[in-house]
Each structure stands twice: as structure tokens, then as C-alpha cells.
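Open the model in a viewer that can select by residue number and show side chains. The stops below are meant to be taken in order.

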Amino acid sequence: YTYASDGLAEILQQLEEAPEQGPELNGEIFNSIVRGALPGKMYLRSGGTNVGKTRWSVFDACSIVYPIHYSRQEDSFVWIKDKIPQKVLFITTEMEAKEIKTIILAYVSGVEERKILRGACNAEEKERVQTACEIIAKYRDYFILERISDPNLNNVQTVIKKHVLLNNVNYIFYDYIFTSPSLITQFSSNKIREDVALGMMSNQLKEIAATYNVFIMTATQLNGDGLKAGEKRDQRTLRGSKAIADKCDCGFLIAEVEPNDIEALGAYVKEYGTPTHVTDIYKMRSGTYKGKRIWSKINLGTGERKDLFITDESGNLCVMDSWDYVPALPGSPVWITKEFLDSIHVEEGEF
């Protein structure tokens with residue numbers, strides 16, 4: 001045990017020198033609210049079918065790994081010098097590794113994935129894609145892909161521990177939690193219900209995050225209620241078991257913006273722009289943003305994202321305190337050459 005007074009001076013000094021903030025995730029407002037990808041924490045992202053849950057996770061993983069990517073705003077590749085690459089493990093449960101790789105390529109190159117898949121890139125886009133290949137190769141050891149098509153408590157834990165202990169991975173994206181055949185078989189002899197088994201998978205992920213001080217992002221599908229327009233979205237809308245959200249440190253839902261949403265937002269849309277997606281935050285272990293809604297413009301083909309504004313559940317505009325807002329790390333336009341890539345010293349950072 002310990003006493004409340006023990007080590008307080010050291011804690012305060014540490015927070016003053018290095019405030020609790022993990023590597024940058026996509027979306028300035030979202031990243032500010034969750035304080036980046038915090039080691040020891042588990043975040044749970046949920047959404048309906050085809051809303052792009054896997055893509056959102058790939059884009060966030062790319063943000064942690066790659067300090068160089070194409071910027072449409074700058075019309076060139078930019079190098080974020082202050083971004084220190086971190087090792088990521090991405091566990092996919094449905095998509096093949098090849099499918100994940102083209103999403104990564106689209107993010108780094110800024111070229112629509114559908115154009116890459118169809119071989120429809122023009123000369124300038126082909127050059128950007130080739131440049132992106134060289135950038136991804138530069139950080140080869142920092143993005144590890146594993147596929148577990150039939151996950152259960154044993155094989156998921158084994159894969160994560162392997163990469164944490166052997167490859168020093170600190171940031172893990174587990175595609176999403178669902179009822180797989182082997183998970184059902186694992187508990188069938190004990191007659192454990194499906195919802196309990198799903199809750200145990202979530203609990204295990206949180207235990208791994210806390211025990212090894214690593215960050216874990218995972219996801220779930222929504223049930224029918226969660227897909228109804230106008231319905232309040234929280235942990236009750238998670239498919240299979242709302243207990244999945246019990247252990248997460250941050251829980252949020254993503255959805256496409258409906259036409260009636262645009263109409264209701266009225267003046268905010270005129271002032272800040274038209275959002276394509278909304279993120280509902282229903283759980284925050286620390287912070288004051290539970291129940292808030294982040295309205296964003298996102299291109300799921302390239303991962304480009306701009307958080308436009310934030311409201312409460314009633315649609316009232318919310319303003320973040322200036323000290324609570326974490327701006328994205330600035331990047332400088334660069335001309336990518338072999339000499340430039342060779343000059344970059346790739347060194348894993350410590351958070």
C-alpha cells in the first residue's frame with residue numbers, strides 16, 4: 001500500500017516537465033480530448049458496418065509511426081521533425097495484410113486508395129505512391145502486421161505479448177472484438193454466455209495494457225439501436241455486450257453524418273464547414289468531455305481529417321479551454337530524395 005502524500009512532489013514535477021500526453025492521433029480536437037495514445041490505456045472505438053472502423057485505426061496507427069506524409073494543403077510531402085516514430089502492432093481479424101498495406105500507402109502518399117487499387121494513378125500520383133513506398137520502407141521495423149482470423153483469449157494474448165517483449169512494441173491496434181468460433185469453443189464447456197466471453201476479451205486487453213504499460217486501441221460493431229438515426233449512442237448500443245466498455249479508459253462511437261444532422265447544426269456548418277462524420281464520446285475516465293460530440297470532415301480514402309467543432313448532446317456549441325487544446329505538430333515541406341531519407345536517423349522514442 002501507499003499513502004496519498006507519498007511522492008506528490010515528484011508527481012507534480014514530472015507533470016510540469018512532461019504533461020501526460022501520448023503520441024498524436026488523428027484529429028486535433030479528438031487528440032486533445034483523449035491526450036493522444038496514452039500508454040497503459042485502452043480506447044474502444046465502435047461503429048456500424050462499413051463506417052470504416054478498421055480504416056480509422058490504420059490511419060491512427062500511421063500517425064504514430066510516420067513523421068513524413070503527403071499534405072494536400074502544402075501540395076508536397078511534409079516532415080514533422082518533432083514527431084518521434086513509435087513501434088506499432090496492428091492485429092487484423094478480417095482483412096488480409098495486403099488490404100491494410102494499401103490503406104497505409106494511401107495515407108502516406110495522399111493518393112485515394114481506390115485509384116491505387118485500380119491502377120488509375122496519373123504520373124504525378126504514381127511518383128507520390130513510389131515515394132510513399134520508400135518512406136514506409138525507411139520505417140519498416142515500426143509497423144508490424146499480424147492476422148488472427150479466429151481470435152480467442154489465448155492466441156490474442158500470445159501475439160501481443162510476443163511483440164511487446166521481443167520487438168519492444170508499445171502501441172497496439174486490435175482490429176475489433178467479436179464472437180469468433182474459437183472464442184465460443186473456449187468457453188462452451190463452462191457454459192459461459194457470449195456477452196460474458198466478449199467482456200472477458202475486453203478485460204484481457206485492458207489488463208495487458210496496464211501490466212505492460214502499452215497503449216491498446218480496439219473496436220466493436222453496433223447493434224440495431226446504435227444504427228438508428230436520432231438515437232442516443234452510448235455503450236448500450238454495442239453489439240454482443242455492453243460490458244465490453246466496462247474496462248476501457250475511453251469509449252466513443254463513430255457514425256456518418258445524416259442530412260437531418262446538417263440541418264440541425266445550422267449556423268455551425270456555415271461557420272466551420274460541413275462535417276462527414278461525428279464521434280460521440282460516452283466514456284472518459286479523466287476529463288470533462290463525456291457526452292460531447294466531435295464533428296469532423298474525413299476522407300476515408302486517404303485518412304485526411306479535420307475536426308471542425310464540438311457540441312454537447314443537445315447540439316450546443318462547446319469551446320475547449322486553450323490550455324486543454326493540443327495543436328497538431330507542425331510539418332515542413334520537403335523534397336523526398338534518397339539522400340534525404342538516408343540522412344534521417346530513425347530512433348524509437350520513449351513516452
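## Stop 1: Leu44 and its surroundings

Select Leu44 and, leaving aside its neighbours within four places in sequence, show what it is in contact with: Thr218, Ala219, Thr220, Leu238, Ile244, Ala245, Cys248, Cys250, Gly251, Phe252 and Tyr282. Contact here means heavy atoms within 4.5 Å. This is a predicted model, in which local features need pLDDT of at least 70 and side-chain atom pairs count only at pLDDT 80 or more, while totals for chains, interfaces and linings use all residues. Residues are numbered from 1 along each chain as its sequence is written, and side-chain values use heavy atoms, with hydrogens and water left out.

Leu44 is found in strand 1. Helices (H or I, at least four residues) and strands (E, at least two) are DSSP runs, numbered from the N terminus. Is Leu44 buried or exposed? Leu44 is buried, with a relative accessible area of 0%. The cut-offs are under 20% relative accessible area for buried and over 50% for exposed, with partly exposed in between (1.4 Å probe, protein chains only). For a distance across the model, pick the C-alpha atoms of Leu44 and Ala137: these residues are 93 apart along the chain, and the atoms are separated by 30 Å.

## Stop 2: the cysteines

Cys248, one of the residues in contact with Leu44, is the next selection. The structure holds zero disulfides, a disulfide being a pair of cysteine sulfur atoms within 2.5 Å. For Cys248, the nearest cysteine sulfur belongs to Cys250 and is 7.0 Å away. Cys248 is buried, at a relative accessible area of 0%. Cys318 is in no disulfide either: its nearest cysteine sulfur, again that of Cys250, is 16 Å away.

## Stop 3

Now switch to a cartoon view. An open sheet of 10 strands runs in the order 5-4-6-7-1-8-9-10-11-12, with mixed pairing. Two strands pair if DSSP finds at least two bridges between them. Which strands stand at the edges? Strand 5 (143-147) and strand 12 (317-318) do, and each has a single partner strand, so one side of each is left without a neighbour in the sheet.

Inside the sheet, select residues 171-174 (strand 6) and residues 215-221 (strand 7): the two run parallel and are joined by four bridges. Phe173 has Met217 in strand 7 as its bridge partner.

Axes are lines fitted to C-alpha atoms, for helices over the stretch in contact, and angles run from 0 to 180 degrees between N-to-C directions. Helix 4 (residues 97-109) lies across strand 4 (88-92) and strand 5, at about 150 degrees to strand 5.

## Stop 4: the sheet of three strands

Keep helix 4 on display, as this helix also lies across strand 2 and strand 3, at about 65 degrees to strand 2. These strands belong to an open sheet of three strands, in the order 2-3-13, with antiparallel pairing. Strand 2 and strand 13 (332-334) are the edge strands, each pairing on one side only. Direction ignored, neighbouring strands of this sheet are turned by 45 degrees against each other on average.

Strand 2 and strand 3 form a hairpin with four residues between them, and Asp75 in the turn has a positive phi of about 55 degrees. Four bridges join the two strands. His69, in strand 2 (residues 68-71), stands opposite Val78 in strand 3. His69 is buried, with a relative accessible area of 19%. Strand 3 (residues 76-79) is joined to strand 13 by three bridges, and Phe77 stands opposite Val334. Helix 6 (residues 123-138) lies across strand 2 and strand 3, at about 20 degrees to strand 3.

## Stop 5: helix 3 and Ser63

Finish with helix 3 (residues 53-65), where 12 of the 13 residues are buried, including Trp56, Phe59 and Ser63. Ser63 has a relative accessible area of 2%, and its side chain reaches the backbone oxygen of Glu24 at 2.7 Å. Leaving aside neighbours within four places in sequence, Ser63 is in contact with Glu24, Leu25, Asn26, Lys83 and Tyr107. Tyr107 is also among the residues in contact with His69.

Methods
Polar contact = N/O pair within 3.5 Å; in protein donor to acceptor, adjacent residues only side chain to side chain.
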